[in-house]
Amino acid sequence: FSLPDSSLLKGISDMPFLSILSESWLTNPETEQVKQLLINSTGALSFYIPDSVHASFSDATHWLPGVVARKAGLRAPNEGKHDTIRAAAESCVQHMQKIDIKGKVRPFPLDVGMEQILET
């Protein structure tokens, strides 16, 4: 597993923690470690997106025709194009709207140039 056991036992408690996994993580060889991290984390929210695979969270798989992506295991059999990315993005927005972020992030001002952003 990519995290040491000490991190799994400590969990995450100093920041909001949202986990969005593919359905394939329900039976992944590392599922138990993920569960351990989530259980030991304060206030962690974790979701999975049905009919998704790990590669569903990458935009690269959407460059391929659906039949090719499914054949290569990059899209789940019942997964529509962009369904997983859309669901993950919507979940992130909903999560962030419920959290008091205390000025740690700001809305990105789309109506001004980077020069103006860097000046503030």
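**View 1. Strand β1, helix α2 (residues 31-39) and strand β2 form a right-handed β-α-β unit.** Right-handed here means that, with the strands pointing away from the viewer, the path from the first strand over the helix to the second runs clockwise. Helices (H or I, at least four residues) and strands (E, at least two) are DSSP runs, numbered from the N terminus. This is a predicted model, where local features need pLDDT of at least 70 and side-chain atom pairs count only at pLDDT 80 or more, while totals for chains, interfaces and linings use all residues. Residues are numbered from 1 along each chain as its sequence is written, and side-chain values use heavy atoms, leaving out hydrogens and water.

**View 2. Strands β1 (residues 18-22) and β2 (residues 45-49) run parallel.** Look for the 5 bridges that join them; two strands pair if DSSP finds at least two bridges between them. One to spot links Ser19 with Ser46 of β2.

View 3. Thr31, Val34, Leu37 and Leu38 are its buried residues (under 20% relative accessible area; exposed is over 50%, partly exposed in between; 1.4 Å probe, protein chains only). They sit on the same side of α2 because they cover an arc of only 125° around the axis, taken from the directions from the helix axis to the C-beta atoms. Turned away from that buried side is the face with exposed Glu32 and Ile39.

**View 4. Several elements cover the buried residues of α2.** The cover includes α1 (5-10), β1 and β2, with contact meaning heavy atoms within 4.5 Å.
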